[in-house]
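Here is a friendly note to read alongside the structure. Please keep the model open while you go through the points.

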Amino acid sequence: MAASISNDNENVRRSVNYHPNVWGDYFLAYTSQLTEISSVEKEEHERQKEGVRNLLTQTPDDSSLKLQLIDSIQRLGVGYHFEKEIQESLKFIYHHTKDHHLRILALRFRLMRQQGFHVPCDVFKRFIDEDGNFKERIKDDVEVLLSLYEASNYGVHGEEILEKALEFCSSRLESLLLEQTMNDSLSMRVKEALRIPISRTLTRFGARKFISEYQDNKHDETLLKFAISDFNMLQKIHQRELNQLTRWWKELDFGNKLPFARDRLVECYFWIVGVYFEADYAIARRLLTKVIYLASILDDIYDVYATFEELTLFSAVLQRWDINDMDQLPPYMRIYYKALLDVYFEMEYEMGKIGKSHTVEYAKQEMKRLAEMYLEEAKWSYSKHKPRMEEYMKVALISSGYMMMTINALAVIPHHISQQEFDWVLSEPPLLRASLTITRLMDDLAGYGSEEKLSAVHYYMSENNVSETEALVELGKQVKNAWKDLNKEWIEPRAASNPILRCVVNFTQVILVLYADGDAYGNSKTKTKDLINSILVHPIII
């Protein structure tokens, strides 16, 4: 370490003024009676589902209509009901059909890449002219540009034609927006796509927006009604879960007992719904919301409030994970430590019911490792040490919390994850390295300028003697390259099973919702509150 920690610094207590909890006990109003799903609703939902299944199976696989139907089903958020049928159809299309219109060709390419099929990008070569540019005739066709833009976001390293397509489509769409020749609906679609493409859109959030878009355009009435019914039924389940979690939160009373920390229970649940929204993941959602809420408090203990002396003591106690050591801690730390151990005791109990209690040890170890990395960062802060980027990233990839959340999620989801798979994830293979890089750097880029804490931007500028602008551009490139790495890991042959892939990719996509336009978690009063209202409060009216 470049500098030692002075005795004076050891007892310094810092502070940050975070805004109070936004939601309070709001979700206590969503009682079991209010969120009940009647037998009539369930029967109608099943009838609608079979109607969509019939529509899906009866639409010919060799028709462009099948591609458009699959796209609509997936973007409406109900693809999880028809995974087998969609896989079989796309497998047939992959082996048997070709398309000549660029819009449909790009749609086919995107759907195949989404499903993991290795579709070569040279299918787009015939739309390139002799000068190596995309042909003139497509430059003003917004629907074609949008389709190609979405497809190009599935590119991997070395696919130059997709790089060219992404640059061309982004530039043309931005120019067309400035010309103001589109109607409001199309203009909004373009703005949303340029902000977050489909490849990086979480299912639940994308569905909320696409349902309105689908409703306003030519659509199948059976599919639309089923999508709305499914959205609203899941929302009732989520509201009921938030009611239960709010009761737990009120008992903890961290807002009063630990007032220095971000008190963000509903935001944490919203985070987890982005990763696992289906009814089958109820237990996982409950446990993971508690884990991420406590991890957020832990971050603030290390980063904001505790003295270095307290952190050293707390870290030692946490590593031993023994309730009998609690009396060694300051009163506020005892409150937190007891709550943390209680959640993992609950996790062991719940996982024991499904034969997964052995996985909880992995979850605990990652929480311990997260605290270790927080302590290392605290040492840097108190000693005024500026690590080199390599040293920083080694710690910061773990202190982002995403490895901890990934391991905890794999421990509690209703899928078997073997010891070998846990060990593989913990070895930081390319899939995890890409995810951790994206989440760490996007967090740092969002917080730069608004947080006192030093981050990748500061360390990159210092180490490379570059300007703020140059550092932001370079770190942005690293994020862009990591997305390509993530795209590659999604394509067959895959190194990971579907449950692991989904977990990692969804957690990565959440970062765009929370950090694309600044820190929407630390400041959750505006944009995040609106998102939560749309996903967890307001049903869709048919």
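1. Let us begin with a term: buried area is the accessible area (1.4 Å probe) that two parts lose on being put together, summed over both. The size of an interface is often given in this way, as the accessible area lost when the parts come together. This is a predicted model, in which local features need pLDDT of at least 70 and side-chain atom pairs count only at pLDDT 80 or more, while totals for chains, interfaces and linings use all residues. Residues are numbered from 1 along each chain as its sequence is written, and side-chain values use heavy atoms, with hydrogens and water left out.

2. Which domains does the chain have? The assignment gives domain 1 (58-224) and domain 2 (253-537), with bounds that come from an automatic or database domain assignment. Their C-alpha centres lie 32 Å apart.

3. Of the area that domain 1 buries against domain 2, Arg200, Leu202 and Phe205 supply 27%, more than any other three residues. Counting contacts (heavy atoms within 4.5 Å), 24 residues of domain 1 touch 26 residues of domain 2.

4. Polar links cross this interface too. There are ten residue pairs in polar contact between domain 1 and domain 2, both residues being at pLDDT 80 or more. A polar contact is a pair of N or O atoms within 3.5 Å; within protein, one must be able to donate a hydrogen and the other to accept it, and residues adjacent in sequence count only if both atoms are side-chain atoms.

5. Which elements give two or more residues to the side of domain 1 that touches domain 2? They are α5 (102-115) and α9 (203-216), and α9 gives the largest share, four residues. Helices here are DSSP runs (H or I, at least four residues), as are strands (E, at least two), numbered from the N terminus.

6. The term stands for a side-chain nitrogen of Lys or Arg within 4 Å of a carboxyl oxygen of Asp or Glu. The structure holds 37 salt bridges, and two are found across the interface of domain 1 and domain 2. Glu163 forms one with Lys480, with the closest N and O atoms 3.6 Å apart. Glu163 also forms a salt bridge with Lys484, where the closest N and O atoms are 1.8 Å apart. This pair links distant parts of the chain, 321 residues apart: Glu163 is in helix α7 (residues 160-179) and Lys484 in helix α22 (residues 468-490).

7. Finally, two backbone details. Most residues other than glycine have a negative phi, and most peptide bonds are trans. What kind of peptide bond joins Glu492 and Pro493? The bond is cis, with omega about -5 degrees, and Pro493 is found in the loop between α22 and α23 (498-515). Trp321 has a positive phi, near 50 degrees, in a residue other than glycine; its place is in the loop between α14 (308-320) and α15 (331-353).
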